[in-house]
Amino acid sequence: MTQSVKDRVYAAAERISADRRPTVSTVRAAAGVSNADATRYLKEWSEERQAAGSRLAATPTVLLEASARLASTAWAEASALADERHAAVEAAWAQERNDKDAEIAELVADLDRLTEEHDTTVSGLKTQVEELQAQLGALSRELDQARAAEQEATAAAADTATKLAAATARDTALQAAYDALLARITPPGPGTINHAPSDHTATTDAANRDAGDQDAREDGSR
(Lines give C-alpha, C1' and ligand atoms only; values in the text may rest on other atoms or scores of the structure.)
Protein backbone atom coordinates (compact mmCIF):
# COMPACT_ATOMS: atom_id res chain seq x y z
CA MET A 1 0.00 0.00 0.00
CA THR A 2 1.38 3.40 -0.95
CA GLN A 3 2.18 5.69 1.98
CA SER A 4 0.80 9.20 2.08
CA VAL A 5 3.09 12.21 2.05
CA LYS A 6 2.50 12.73 5.78
CA ASP A 7 3.34 9.10 6.58
CA ARG A 8 6.55 9.33 4.58
CA VAL A 9 7.60 12.50 6.37
CA TYR A 10 6.80 11.00 9.79
CA ALA A 11 8.71 7.79 8.99
CA ALA A 12 11.71 9.75 7.71
CA ALA A 13 11.68 11.98 10.80
CA GLU A 14 11.62 8.92 13.11
CA ARG A 15 14.54 7.32 11.28
CA ILE A 16 16.62 10.49 11.29
CA SER A 17 15.84 11.31 14.94
CA ALA A 18 17.54 8.08 15.98
CA ASP A 19 20.91 9.68 15.08
CA ARG A 20 20.28 13.45 15.04
CA ARG A 21 17.56 16.04 15.04
CA PRO A 22 15.72 15.95 11.70
CA THR A 23 15.62 19.10 9.56
CA VAL A 24 13.47 20.10 6.62
CA SER A 25 16.28 19.41 4.18
CA THR A 26 17.14 15.95 5.56
CA VAL A 27 13.48 14.90 5.82
CA ARG A 28 12.73 16.23 2.33
CA ALA A 29 15.59 14.21 0.86
CA ALA A 30 14.78 11.04 2.82
CA ALA A 31 11.01 11.13 2.18
CA GLY A 32 11.24 12.36 -1.41
CA VAL A 33 8.67 15.14 -0.91
CA SER A 34 8.53 18.84 -1.66
CA ASN A 35 10.03 21.48 0.62
CA ALA A 36 6.54 22.73 1.57
CA ASP A 37 5.31 19.24 2.58
CA ALA A 38 8.50 18.52 4.51
CA THR A 39 8.17 21.81 6.43
CA ARG A 40 4.48 21.30 7.22
CA TYR A 41 4.55 17.68 8.38
CA LEU A 42 7.90 17.93 10.17
CA LYS A 43 6.42 20.75 12.26
CA GLU A 44 3.37 18.60 13.08
CA TRP A 45 5.63 15.66 13.98
CA SER A 46 7.74 17.84 16.29
CA GLU A 47 4.65 19.28 18.03
CA GLU A 48 3.16 15.82 18.56
CA ARG A 49 6.45 14.53 19.91
CA GLN A 50 6.81 17.47 22.29
CA ALA A 51 3.23 16.99 23.49
CA ALA A 52 3.92 13.31 24.17
CA GLY A 53 7.07 14.24 26.04
CA SER A 54 5.20 16.76 28.10
CA ARG A 55 2.63 14.16 29.10
CA LEU A 56 5.38 11.78 30.16
CA ALA A 57 7.14 14.50 32.10
CA ALA A 58 3.96 15.61 33.92
CA THR A 59 4.07 15.55 37.66
CA PRO A 60 2.83 12.20 39.03
CA THR A 61 -0.34 12.14 41.15
CA VAL A 62 1.55 10.54 44.03
CA LEU A 63 3.89 13.48 44.15
CA LEU A 64 0.97 15.93 44.20
CA GLU A 65 -0.59 14.08 47.13
CA ALA A 66 2.77 14.02 48.89
CA SER A 67 3.24 17.72 48.28
CA ALA A 68 0.00 18.45 50.09
CA ARG A 69 1.30 16.65 53.18
CA LEU A 70 4.89 17.73 52.91
CA ALA A 71 4.85 21.26 51.52
CA SER A 72 8.49 21.94 52.10
CA THR A 73 9.60 18.72 50.50
CA ALA A 74 7.22 19.20 47.60
CA TRP A 75 8.41 22.75 47.14
CA ALA A 76 12.00 21.62 46.94
CA GLU A 77 11.13 18.89 44.49
CA ALA A 78 8.95 21.29 42.47
CA SER A 79 11.78 23.79 42.35
CA ALA A 80 14.19 21.11 41.20
CA LEU A 81 11.71 19.95 38.60
CA ALA A 82 11.18 23.51 37.44
CA ASP A 83 14.89 23.99 37.12
CA GLU A 84 15.15 20.75 35.20
CA ARG A 85 12.33 21.78 32.87
CA HIS A 86 13.86 25.19 32.42
CA ALA A 87 17.15 23.59 31.51
CA ALA A 88 15.33 21.25 29.12
CA VAL A 89 13.56 24.21 27.51
CA GLU A 90 16.83 26.07 27.13
CA ALA A 91 18.48 22.99 25.65
CA ALA A 92 15.57 22.48 23.27
CA TRP A 93 15.69 26.12 22.26
CA ALA A 94 19.44 25.95 21.70
CA GLN A 95 19.03 22.75 19.70
CA GLU A 96 16.25 24.28 17.63
CA ARG A 97 18.39 27.34 16.97
CA ASN A 98 21.27 25.13 15.90
CA ASP A 99 18.92 23.15 13.65
CA LYS A 100 17.62 26.36 12.10
CA ASP A 101 21.17 27.58 11.55
CA ALA A 102 22.07 24.26 9.94
CA GLU A 103 18.95 24.37 7.77
CA ILE A 104 19.71 27.95 6.71
CA ALA A 105 23.27 26.91 5.87
CA GLU A 106 21.93 24.04 3.75
CA LEU A 107 19.53 26.38 1.95
CA VAL A 108 22.32 28.88 1.32
CA ALA A 109 24.51 26.10 -0.04
CA ASP A 110 21.66 24.96 -2.32
CA LEU A 111 21.15 28.55 -3.48
CA ASP A 112 24.85 28.96 -4.21
CA ARG A 113 24.88 25.71 -6.15
CA LEU A 114 21.80 26.68 -8.17
CA THR A 115 23.26 30.12 -8.84
CA GLU A 116 26.49 28.57 -10.08
CA GLU A 117 24.58 26.15 -12.31
CA HIS A 118 22.50 29.04 -13.65
CA ASP A 119 25.59 31.11 -14.40
CA THR A 120 27.21 28.13 -16.13
CA THR A 121 24.10 27.53 -18.23
CA VAL A 122 23.81 31.20 -19.20
CA SER A 123 27.50 31.31 -20.12
CA GLY A 124 27.12 28.21 -22.29
CA LEU A 125 24.06 29.63 -24.05
CA LYS A 126 25.84 32.93 -24.61
CA THR A 127 28.76 31.09 -26.21
CA GLN A 128 26.36 29.15 -28.46
CA VAL A 129 24.62 32.38 -29.51
CA GLU A 130 27.97 33.98 -30.36
CA GLU A 131 28.98 30.94 -32.40
CA LEU A 132 25.67 30.94 -34.28
CA GLN A 133 26.00 34.67 -34.96
CA ALA A 134 29.51 34.10 -36.34
CA GLN A 135 28.21 31.28 -38.56
CA LEU A 136 25.35 33.49 -39.74
CA GLY A 137 27.81 36.26 -40.61
CA ALA A 138 29.98 33.84 -42.57
CA LEU A 139 26.95 32.50 -44.46
CA SER A 140 25.82 36.06 -45.24
CA ARG A 141 29.24 36.89 -46.66
CA GLU A 142 29.23 33.71 -48.73
CA LEU A 143 25.75 34.57 -50.02
CA ASP A 144 26.88 38.07 -51.00
CA GLN A 145 29.89 36.61 -52.80
CA ALA A 146 27.66 34.09 -54.60
CA ARG A 147 25.28 36.87 -55.68
CA ALA A 148 28.19 38.98 -56.93
CA ALA A 149 29.56 35.99 -58.85
CA GLU A 150 26.10 35.35 -60.31
CA GLN A 151 25.84 38.97 -61.47
CA GLU A 152 29.28 38.78 -63.03
CA ALA A 153 28.36 35.53 -64.78
CA THR A 154 25.10 37.08 -66.03
CA ALA A 155 26.95 40.11 -67.35
CA ALA A 156 29.56 37.90 -69.01
CA ALA A 157 26.83 35.77 -70.58
CA ALA A 158 25.07 38.88 -71.88
CA ASP A 159 28.34 40.20 -73.34
CA THR A 160 29.03 36.85 -74.95
CA ALA A 161 25.51 36.77 -76.42
CA THR A 162 26.02 40.30 -77.82
CA LYS A 163 29.33 39.33 -79.36
CA LEU A 164 27.81 36.16 -80.82
CA ALA A 165 24.95 38.12 -82.35
CA ALA A 166 27.41 40.61 -83.83
CA ALA A 167 29.56 37.82 -85.22
CA THR A 168 26.50 36.12 -86.68
CA ALA A 169 25.38 39.36 -88.33
CA ARG A 170 28.85 39.93 -89.73
CA ASP A 171 29.01 36.38 -91.08
CA THR A 172 25.60 36.85 -92.65
CA ALA A 173 26.71 40.11 -94.30
CA LEU A 174 29.92 38.56 -95.53
CA GLN A 175 28.02 35.57 -96.90
CA ALA A 176 25.61 37.87 -98.71
CA ALA A 177 28.49 39.87 -100.16
CA TYR A 178 30.24 36.68 -101.18
CA ASP A 179 27.10 35.37 -102.88
CA ALA A 180 26.64 38.68 -104.69
CA LEU A 181 30.26 38.70 -105.75
CA LEU A 182 30.05 35.13 -106.92
CA ALA A 183 27.00 35.98 -108.99
CA ARG A 184 28.86 38.88 -110.56
CA ILE A 185 31.87 36.89 -111.60
CA THR A 186 29.95 33.93 -113.05
CA PRO A 187 30.56 33.80 -116.82
CA PRO A 188 27.54 35.01 -118.82
CA GLY A 189 25.70 32.78 -121.24
CA PRO A 190 26.22 32.77 -125.06
CA GLY A 191 25.41 36.10 -126.69
CA THR A 192 25.30 37.95 -123.33
CA ILE A 193 27.67 40.81 -122.64
CA ASN A 194 28.39 41.78 -119.01
CA HIS A 195 28.54 45.59 -118.77
CA ALA A 196 28.63 45.91 -114.96
CA PRO A 197 32.20 45.53 -113.70
CA SER A 198 31.70 48.64 -111.63
CA ASP A 199 28.69 47.03 -109.85
CA HIS A 200 30.97 44.20 -108.75
CA THR A 201 33.34 46.69 -107.15
CA ALA A 202 30.45 48.54 -105.46
CA THR A 203 29.07 45.31 -104.03
CA THR A 204 32.45 44.35 -102.59
CA ASP A 205 32.91 47.80 -101.07
CA ALA A 206 29.42 47.68 -99.50
CA ALA A 207 30.13 44.29 -97.88
CA ASN A 208 33.40 45.58 -96.49
CA ARG A 209 31.69 48.68 -95.10
CA ASP A 210 29.01 46.55 -93.41
CA ALA A 211 31.67 44.37 -91.80
CA GLY A 212 33.59 47.49 -90.65
CA ASP A 213 30.44 49.04 -89.16
CA GLN A 214 29.66 45.81 -87.33
CA ASP A 215 33.20 45.71 -85.85
CA ALA A 216 32.87 49.32 -84.71
CA ARG A 217 29.54 48.56 -82.97
CA GLU A 218 31.09 45.53 -81.33
CA ASP A 219 34.07 47.57 -80.05
CA GLY A 220 31.69 50.22 -78.70
CA SER A 221 29.69 47.64 -76.74
CA ARG A 222 32.90 46.54 -75.04
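Threonine 26 touches Ile16, Arg20 and Glu106, leaving aside residues up to four places away in sequence; contact here means heavy atoms within 4.5 Å. The model is predicted: local features need pLDDT of at least 70, side-chain atom pairs count only at pLDDT 80 or more, and totals for chains, interfaces and linings use all residues. Residues are numbered from 1 along each chain as its sequence is written, and side-chain values use heavy atoms, with hydrogens and water left out.

Threonine 26 sits in helix H2. Helices are DSSP runs (H or I, at least four residues), numbered from the N terminus. Threonine 26 counts as buried because its relative accessibility is 16%. Buried means under 20% relative accessible area, exposed means over 50%, and partly exposed lies in between (1.4 Å probe, protein chains only). Other buried residues of H2 include Val24, Ser25, Val27 and Ala31. Just after H2, glycine 32 adopts a positive phi of about 70 degrees.

Val27 also belongs to the largest nonpolar core, which has 13 residues. Such a core is a set of buried Ala, Val, Leu, Ile, Met, Phe, Trp, Tyr and Cys residues joined through side-chain atoms within 4.5 Å. Val9, Val27 and Leu42 have the most contacts inside the largest core. Helix H1 (5–17), helix H2 (24–31) and helix H3 (35–56) each give two or more residues to this core. H1 supplies the largest share, five residues. Leucine 42 touches Val9, Ala13, Pro22, Thr23, Val24, Val27 and Asp37, again without residues up to four places away in sequence.

Charged pairs were examined next. Side chains of opposite charge can pair when their charged atoms come close. A salt bridge is a side-chain nitrogen of Lys or Arg within 4 Å of a carboxyl oxygen of Asp or Glu. By this rule the count is seven salt bridges. One of them joins the side chains of glutamate 44 and lysine 6, at 3.8 Å from N to O. Glutamate 44 lies in helix H3 and lysine 6 in helix H1, so the pair ties together parts that are 38 residues apart in sequence. Glutamate 44 is partly exposed, at 24% relative accessible area. Lysine 6 is partly exposed as well, at 31%.

Two further pairs lie within helix H5. Glutamate 117 bridges to arginine 113, with the closest N and O atoms 3.3 Å apart. These two residues of H5 are four residues apart, about one turn of the helix. Glutamate 117 is partly exposed at 41%, and arginine 113 is partly exposed at 40%. Aspartate 159 forms a salt bridge with lysine 163, and their closest N and O atoms are 3.2 Å apart. Aspartate 159 and lysine 163 are likewise four residues apart in H5, about one turn of the helix. Aspartate 159 is partly exposed at 29%, and lysine 163 is partly exposed at 31%. Salt bridges that share partners also join Arg28, Asp110, Arg113 and Glu117 into one network.

Helix H5 (residues 71–185) also holds leucine 182. Leucine 182 is partly exposed because its relative accessibility is 39%. Together with Tyr178 and Ile185, Leu182 forms a nonpolar patch on the surface, with about 310 Å² of accessible area in total. Patches are made of residues with over 30% relative accessible area and no salt bridge; like charges are joined within 9 Å, and nonpolar side chains (Val, Leu, Ile, Met, Phe, Trp, Tyr) within 5 Å. Accessible areas come from the Shrake-Rupley method with a 1.4 Å probe; for residues, only the protein chains shown count as cover.
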